[in-house]
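Trainee: I would like to learn how structural terms are applied. Could you take me through an example?

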Amino acid sequence: MELNGVKIEDTFCEAFGAVFTRILVTAKNEKWVKIAAQITTGYGTSTIHCDSEAGLDTFVSADNTPDKRPGAILMFFKTKKDQMDNVLLNRIGQCILTCPTTACYDAINGSLDPEKEFEIKTGYKLKFFGDKYEEKVGGKYPFEAWKIPVMDGEFVIQSNFKVGKGIAGGNFLIMGKDQNSALESAEKAIEAINKIENVIAPFPGGIARSGSKVGSNYDFLNASTNDPLCPTLRVKARSTLLQENDNCVYEVIIDGATEKAILRAMKVGIEAAVKVPSVNRISAGNYGGKLGKFQYKLHNVLQ
């Protein structure tokens, strides 16, 4: 199969189940919304070592937020549901509570299995920072919220946040003739994916240069560089997945609330990626079906 003259390999990406939260951060203006979003989603590329996979979903206009201020929706993905409470406590407590003018609300909007959604009492727990000066917000919202006195006024936070069941690890690989063209292709893909709601691309700028494989020659590591996809190891590695003109590979990794969102993001991302000259092939990362139950064939995604 070809798309815009670029070969789409007959393979599949392999994703796995995860739990996620989706929160809304508002602030006085767009400047402080962006600062809060950037800080709160930092160090959130991979659950291999980060506490969660984190990213910006979308910006929201003041007309569509509970307090009529501009906002950003952030998503956090984790494989273990009992750890999500700590993820939100730490990230909201250290990054949003501390950020000038912010407030924070739940923003779940669909999940893979709505019947399995549950709530965590993040806002209720953070209210104790108020040292008995905290107060319940009365009559303003259709949900329970607290106002915590801080040095620039009050921090408002919703009491409970929903946790949904989603998908992590949707992906595709861009093989290019050189670094510049492959990177431009990946950037175009991310621009398209950013328009899709209910998904994030958690790696830096949405792009991963360091795809990993399971295991290592060092017994103390459970993951290591994906040597079959490293151009400098084409003749050194025991096997290579690269063809003669594949001199750069970037991976786009997507986490989403639903299969529909993941598949839509993959489709628009690939369609944007192949429009850049000097892209050789589009492939995907998988572990032969051993990692996760969600397996998306690229040819089917693009139909």
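Predicted model: local features only at pLDDT ≥ 70, side-chain atom pairs only at ≥ 80, totals over all residues.

Trainee: Why is Val-214 called exposed?

Mentor: Exposed means over 50% relative accessible area, buried means under 20%, and partly exposed is in between (1.4 Å probe, protein chains only). Val-214 has 61% relative accessibility, so Val-214 counts as exposed. Val-214 lies in strand β14, residues 212-214. Helices (H or I, at least four residues) and strands (E, at least two) are DSSP runs, numbered from the N terminus.

Trainee: What makes the nonpolar surface patch with Val-214?

Mentor: Val-214, Tyr-287 and Leu-291 make a patch of about 270 Å². Patch residues have over 30% relative accessible area and no salt bridge; nonpolar side chains (Val, Leu, Ile, Met, Phe, Trp, Tyr) are joined within 5 Å, like charges within 9 Å. The areas come from the Shrake-Rupley method with a 1.4 Å probe, and for residues only the protein chains shown count as cover.

Trainee: How do you know that Arg-22 forms a salt bridge with Asp-57?

Mentor: A salt bridge is a side-chain nitrogen of Lys or Arg within 4 Å of a carboxyl oxygen of Asp or Glu. The closest N and O atoms of Arg-22 and Asp-57 are 2.9 Å apart, so the pair meets the definition. The pair links distant parts of the chain: Arg-22 is in strand β3, Asp-57 in strand β4, 35 residues apart. In the whole structure, 13 salt bridges are found.

Trainee: Why are Arg-22 and Asp-57 called buried?

Mentor: Arg-22 has a relative accessible area of 3%, so Arg-22 is buried. Asp-57 has 4%, so Asp-57 counts as buried too.

Trainee: Asp-51 forms a salt bridge with Arg-91. What does that pair tie together?

Mentor: The closest N and O atoms of Asp-51 and Arg-91 are 2.5 Å apart. Asp-51 lies in the loop between α1 and β4, and Arg-91 lies in helix α2 (residues 84-96), so the pair ties together parts that are 40 residues apart in sequence. Asp-51 has a relative accessible area of 27%, so Asp-51 is partly exposed. Arg-91 has 7%, so Arg-91 is buried.

Trainee: Why is α2 called largely enclosed by the rest of the structure?

Mentor: In α2, 10 of the 13 residues are buried, so α2 is largely enclosed. Among the buried residues are Met-84, Val-87, Leu-88 and Cys-95.

Trainee: Where do Glu-271 and Lys-267 lie?

Mentor: Both lie in helix α5 (residues 259-273), four residues apart, about one turn of the helix. Glu-271 has 28% relative accessibility, so Glu-271 counts as partly exposed.

Trainee: What makes a space a pocket?

Mentor: The search uses a 1 Å grid over the protein atoms alone. A pocket is an open set of points with protein on both sides within 12 Å along at least five of seven lines, and lining residues have an atom within 4 Å of a point. The largest pocket has a volume of about 1000 Å³. A volume is the space filled by probe spheres set on the points, which are joined across faces, edges and corners.

Trainee: Which residues lie nearest the centre of the largest pocket?

Mentor: The lining has 38 residues, and Ile-48, Ser-212, Lys-213, Tyr-287 and Leu-291 lie nearest the centre. Strand β11 supplies the largest share of the lining, four residues.

Trainee: What is the second largest pocket like?

Mentor: About 530 Å³ of space lies in the second largest pocket. Its lining has 25 residues, with Thr-41, Gly-55, Leu-56, Ala-201 and Gly-205 nearest the centre. Strand β4 gives the most to this lining, with six residues.

Trainee: Why is Lys-132 called exposed?

Mentor: Lys-132 has a relative accessible area of 79%, so Lys-132 is exposed. Lys-132 is in the loop between α3 (122-126) and β8 (135-136).

Technical notes. Residues numbered from 1 in each chain as written. Heavy atoms only, no water. 1 Å grid on protein atoms, 1.4 Å probe; cavity = no way out; pocket = protein on both sides within 12 Å on 5 of 7 lines; lining within 4 Å.
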